[in-house]
Amino acid sequence: MDFGAIISNSIKYPFKDLKNLGFVCLLYVLLLILPAGIFIFKNSITVIFGALCLVIFILILPGYKILVMKSGIDQSENIPSIKVKKSIINTLKLLVLRICYIAIPTIIAIILTLFATGFANYPINIANSVFGLNFAFAFDLISGFLNAIWIIIIVTSIVRFVFSLISYIAKARLANSNSLVEALKIHRVIMDIKQIGFLKFIGWYVVMGIILMIVSMIAGALLLVPYIGFIIYLCIVMPVICLIYNYSLGLLYSDFSDGENDDLDKFEKELQYLKYGLLR
């Protein structure tokens, strides 16, 4: 699917299935119960119920986004129904995926930077210099210490950004294969990006970001209307943005996934031919 079709189809997507769009909007209503209990009803039972609803929302929404991506990969115009069990399982998979693609590379980058810059030895050297009354040398060490901090910040920021980009396709791979193991194969994810096209992927990332930012800014005018504006923004605008973004990612991955599935089918047919052909 060409780039323009991905954008236009994604923008139209939430409004082609108003029934299920309504259910998604109701999911966001769960976010209103806790603040209502705190500021309006001021009732401990309502607050506890609202906190429970918040936990339910947190468990369901991330996993539901995977179902929306799958809808885009299949190029279906229907918004998927909210499947609680499936969504919660997907959310747990996404949690593991996020830890692996963000936390672990960041930790590795920090450790490598510590030893590459000699950062790990700075506190000991500074202490020795201060207590040894060599303040000039201590000043130099402190300057190096601060420079090392900046290097760590820059390196870890770059690593986090790169892996956050890769994680988008990893999530699409998870949606397509329904396998956390497949999504964690970083080398396969990078191959997927190459197949999609790096420029096409970056173009999608930038253009969708700009479009959704503009939509958010325009819809942000609703927040000027007390109470009602906030409710409309949270329960209608936010679900629409969620559907557009995740569906577009599915569409971006759809052409590649079709080719990948065709290759798998061809491979299975070749295996069957070898198996039964040799038996004859």
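Predicted model: local features only at pLDDT ≥ 70, side-chain atom pairs only at ≥ 80, totals over all residues.
Biologist: Let's start with helix α9. How far apart are its end C-alpha atoms, in Å?
Modeller: Helix α9 covers residues 198-219, which makes 22 residues. At 1.5 Å a residue, it should span 32 Å. The separation in the model agrees with that, as the end C-alpha atoms are apart by 31 Å.

Biologist: Within what arc do the buried residues of α9 fall, seen down its axis?
Modeller: The buried ones in α9 are Phe201, Trp204, Met208, Leu212 and Ala219. Seen down the axis of α9, they line one face of the helix, because they fall within an arc of 50°.

Biologist: And which residues are exposed on the other side of α9?
Modeller: Exposed here means a relative accessible area over 50%. On that other side of α9, the exposed residues are Phe198, Leu199, Met217 and Ile218.

Biologist: Is Lys16 buried, partly exposed or exposed?
Modeller: Buried needs a relative accessible area under 20%, and exposed needs over 50%. Lys16 has a relative accessible area of 40%, so the label for Lys16 is partly exposed.

Biologist: Now Arg173, which forms a salt bridge with Glu182. Is Arg173 buried or exposed?
Modeller: The closest N and O atoms of Glu182 and Arg173 are 2.8 Å apart. Glu182 has 22% relative accessibility, so Glu182 counts as partly exposed. Arg173 has 3%, and the cut-off is under 20%, so Arg173 counts as buried.

Biologist: Which residues are linked in a network of salt bridges?
Modeller: Glu182 also pairs with Lys185, their closest N and O atoms being 2.9 Å apart. Lys185 is partly exposed, at 27% relative accessible area. The network of salt bridges links Arg173, Glu182, Lys185 and Asp192.

Biologist: Last one: how many salt bridges does the structure hold?
Modeller: Side chains of opposite charge can pair when their charged atoms come close. Among the pairs here are Glu77 with Lys16 and Glu182 with Arg173. For the structure, the number of salt bridges is five.

Notes:
Residues numbered from 1 in each chain as written. Heavy atoms only, no water. Helix = DSSP H or I, 4+ residues; strand = E, 2+ residues; numbered from the N terminus. Expected span 1.5 Å × (residues − 1). Buried < 20%, exposed > 50% of the residue type's maximum accessible area, 1.4 Å probe, protein only. Arc of directions from axis to C-beta. Salt bridge = Lys/Arg side-chain N within 4 Å of Asp/Glu carboxyl O.
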